[in-house]
Amino acid sequence: MRDVRGAEFDEFVRTRSVSLLRVAYLLTGDRHAAEDLLQEVLEQVYVRWRRVRTTPEAYARRALVNRAANRWRRRARRPERALGDLDPATPDATDDVALREAVVAALRAVPPRQRAAVVLRYLEDLSVADTAAALDCSEGAVKSHTSRGIAKLREALADSGLVVTIPNGSGSSR
């Protein structure tokens, strides 16, 4: 019984999915939303296949319309707001993104060995000994690379105009 249902359903999907996708696209206006909508409806059709197999396309079209309407209703309950309507006290991530981009750009300006030392020590929070093992160098070299890398990082960030708190790079032996 399951093989028959599966074969019939597969044939239905093969022959009618393009047409149903077109309907879903016209209902949603977005290709990705249409694909999601059709996927949900095809799952529903499969589950109810025994009841709808005489007229599966009509059932699927009606289900597409109903599910699309439900999406519109949900959207109507949570209307979109213009950017000007946003509360200015709401935190905005643009400053964080700009800071992250500036730090990454500044890191690119630091020589590779120094960059590796700074990243391992301060971003990965490794100890001097662990950083030395990772870089295959002495602890003194790690301290030197870190100190010079931090200085270059400060310089590059100062050139970008951002004020960023950077560790002192004293090379403590943590």
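1. On the face of helix α2 turned away from its buried side lie the exposed residues H32 and V47. Here, buried means under 20% relative accessible area, exposed over 50% and partly exposed in between, with a 1.4 Å probe and protein chains only. Helices (H or I, at least four residues) and strands (E, at least two) are DSSP runs, numbered from the N terminus.

2. The model is a predicted one, in which local features need pLDDT of at least 70 and side-chain atom pairs count only at pLDDT 80 or more, whereas totals for chains, interfaces and linings use all residues. Residues are numbered from 1 along each chain as its sequence is written, and side-chain values use heavy atoms, with hydrogens and water left out.

3. The protein contains 8 helices and 0 strands. Of its 174 residues, 29% are buried. Contact means heavy atoms within 4.5 Å; among contacts with a separation of 6 or more, 59% join residues 24 or more positions apart.

4. The buried residues of α2 are A34, L37, L38, V41, L42, Q44 and V45. Viewed down the axis of α2, they fall within an arc of 160°, so they line one face of the helix; the arc is taken from the directions from the helix axis to the C-beta atoms. An α-helix has 3.6 residues a turn, so residues three or four places apart point the same way.

5. Helix α6 (residues 112-123) packs against helix α8 (residues 139-160) at an angle of about 95°, and their axes are 8 Å apart. This makes α6 roughly perpendicular to α8, a term that covers angles of 65 to 115 degrees, while those under 35 count as roughly parallel, those over 145 as roughly antiparallel and the rest as oblique. Axes are lines fitted to C-alpha atoms, for helices over the stretch in contact, and angles run from 0 to 180 degrees between N-to-C directions.

6. In α6, the residues that meet α8 include R113, A117 and Y122; on the α8 side, H145, I150 and L153 are among them.

7. A156 belongs to helix α8 and is buried, with a relative accessible area of 18%. Leaving aside residues up to four places away in sequence, A156 touches A106 and A109. The C-alpha atoms of A156 and A105 are separated by 8.3 Å, although the two residues are 51 residues apart along the chain.

8. D136 lies in the loop between α7 (128-135) and α8. D136 has a positive phi of about 55° although it is not a glycine. D136 is exposed, with a relative accessible area of 71%.
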